[in-house]
Amino acid sequence: MSEQTPAVSAELVAPLYQARGWVRAAGVAIIFHGLLLGMTQIGLLLAWVPVWLGIVAFGIANAAESAHESDDPASVTLLHRRLRLFFQILAALAIVGLLFGFAFMVLGGGEGGMGPERMPAPGAPPAQ
């Protein structure tokens, strides 16, 4: 395997280095979302996941700075590993959210939902 040249390394890191402020801002927003989620009874169980995701976002921004300042291929690898971890957590969180949303919808969604027992009979007039 050939060794990576510094020009290629800088070329790969430049877009993330330029967006590091936005990545940090997204990390703050995600952590804030996790803290708000933690204020609910059910969300308290899952609130640590968005907080972790926000911390990983900060790690991505720091790794982008480190990779940009040093032309070390290991720092670029670290940046890519943190990006992979971010998207793995995000995908797992999205899947769990979709499953909970679907279950909530199917089970009636609480008092105001349209569960099977509250659905109008075919041909019945709409409820007032």
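1. What pLDDT does the protein chain average, and what share of the residues score at least 70? The average is 84, and 81% of the residues reach that score of at least 70. Keep in mind as you read on that this is a predicted model.

2. Now for where the confidence sits. Helix H2, covering residues 20–37, has the highest confidence in the protein chain, with a mean of 95. The lowest is in helix H1, residues 6–18, where the mean is 80.

3. Next, the overall layout. If you trace the protein chain from the N terminus, the elements go α-α-α-α. That makes 4 helices and 0 strands.

4. How do parts of the chain meet? Take the contacts between residues at least 6 apart in sequence: 58% of these join residues at least 24 apart.

5. The protein chain has 128 residues, and 23% of them are buried. As for the surface, the chain exposes about 9,200 Å², with 70% of that supplied by carbon and sulfur atoms.

6. Leu45, Leu46, Val96 and Phe100 together make a nonpolar patch of about 390 Å². One of these, Phe100, belongs to helix H4, which spans residues 73–106.

7. Stay with that phenylalanine for a moment. Why does Phe100 count as exposed? Its relative accessibility is 52%, and the label applies because exposed means over 50%.

Note on methods
Residues numbered from 1 in each chain as written. Predicted model: local features only at pLDDT ≥ 70, side-chain atom pairs only at ≥ 80, totals over all residues. Heavy atoms only, no water. pLDDT = per-residue confidence, 0-100. Helix = DSSP H or I, 4+ residues; strand = E, 2+ residues; numbered from the N terminus. Patch = residues over 30% accessible without salt bridge, like charges linked within 9 Å, V, L, I, M, F, W, Y side chains within 5 Å. Areas by Shrake-Rupley, 256 points an atom, 1.4 Å probe, with all protein chains shown as cover. Salt bridge = Lys/Arg side-chain N within 4 Å of Asp/Glu carboxyl O. Buried < 20%, exposed > 50% of the residue type's maximum accessible area, 1.4 Å probe, protein only. Contact = heavy atoms within 4.5 Å.
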